[in-house]
Amino acid sequence: AKHVKAASYLRLPPLPSTGDLLKLYRIRGRKQLSQNFLMDPKLTSKIVRSGGRVRDCHVCEVGPGPGSITRSILEQKAAFVTVIEKDPRFLPSLELLQDACSGRLRIELGDVLTYNMANSFPSDLRQPWDGNVPKIHIVGNLPFNISTPLIIRWLHDVSVQKNAWVFGRVPMTLTFQYEVAERIVALPGEEQRCRLSVMCQNWCHVKHSFTIPGRVFIPKPKVDVGIVNFVPRVEPLIPLDFSLVEKVLRCVFQFRQKYCKRGVAMLFPKNLRDELTHKMITVADVDPTIRPFKLTMREFNRLCLAYSTILKQKPSIAKYNGGKEFILESEELDEDDTNAEDETS
Ligand code: SAM
């Protein structure tokens, strides 16, 4: 068995470059789908390495396109790779890679936003949540309009330990528009601090490993690309229900430049607003005149706890949502975009 294992890890046989494959199959990146491809093996291999060693691990790559990151994962001796790609035009080049890697690649045609990875890995890789990180990685260079709603969805799945996270604290390496990567890792008081920072940092340890200039992608996006590594935390810093935390953050960050009490007030209907805002801020022991981006994780934790206590006393308040529908869509996150511009202007 040792012999077979060693043989299957031989380097991939020479293959046409990803660029040649795109030409061969006459595939052009579709601008409207934000298909920007990375061709430089040094960079694809750096992306894979940034999340830690994948040797002997099972890796799930989302949005492989023609497969340049996939090659790097295979060359770094992953035991097995599953790719999830939406666009069938990439099947021939992915199948070429599959033929070249002695059965170490499974291709799934599908949408990563609805794909469930709960059965994608061998069950003996499961680790207890508070144990070691399992020998599983998720990697992806996805279109920007997918990567932000996807990480929010996956943070939810991390919070309830479903999808890939039935296997334990599976780490992720994902690409984002540079500005979004900066927001994900922004600390309290930093200009980029927003709802997304608190959400990501609550359920994961996050690291903005490095940045790739937009010009090296084909076709070139207008922006640079940040590589972010996520490792789920054993205990979230705010150990409360995902939707409650998201709702409090959404309201508090609604007025980034105003006192935080303005946003807190949005959690309550008009007739109870003054009374309950005062109560929540007092119980949480937070300065009502601090700006939302300066609030620490501990302060957010106390605010969320205070809100959940108020909800227990007055369950009907839960319905109230600052007059806004509560959904996990990308357009919601665009609000943060607008706000960030406000802040710098
Ligand atoms: N990973 C390749 C690279 O780095 O060169 C391709 C990157 S390209 C920015 C994004 C890829 O994700 C495309 O191949 C696109 O078809 C795929 N994709 C987009 N939305 C997807 C989705 N919802 N589910 C799965 N794949 C998706």
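Asparagine 36 sits in the loop between α2 (18-24) and β1 (37-38). Helices here are DSSP runs of H or I with at least four residues, strands are E runs of at least two, and both are numbered from the N terminus. This is a predicted model: local features need pLDDT of at least 70, side-chain atom pairs count only at pLDDT 80 or more, and totals for chains, interfaces and linings use all residues. Residues are numbered from 1 along each chain as its sequence is written.

Is asparagine 36 buried or exposed? It is buried, because 21 other C-beta atoms lie within 10 Å. The cut-off for buried is 20 or more other C-beta atoms within 10 Å of the residue's own; exposed means 12 or fewer, and partly exposed falls in between, with C-beta atoms placed from the backbone.

Now take aspartate 111. Its loop lies between β4 (105-109) and β5 (136-140). Aspartate 111 is exposed, because it has 12 other C-beta atoms within 10 Å.

Both residues carry an annotation. In the unreviewed UniProt entry, "binding site" covers Asn36, Leu38, Gly63, Glu85, Asp111 and Asn141. UniProt positions follow the numbering used here, feature names are shortened, and annotations may be inferred rather than shown by experiment.

Turn to the ligand. Of the 24 residues around it, Phe37, Gly63, Gly65, Asp87 and Asn141 come nearest (near: C-beta atom, placed from the backbone, within 6 Å of the molecule). β1, α4 (68-75) and β3 (80-85) are the elements that give two or more residues to this shell.

Finally, the whole protein chain. It has 13 helices and 9 strands. Of its 345 residues, 41% count as buried.
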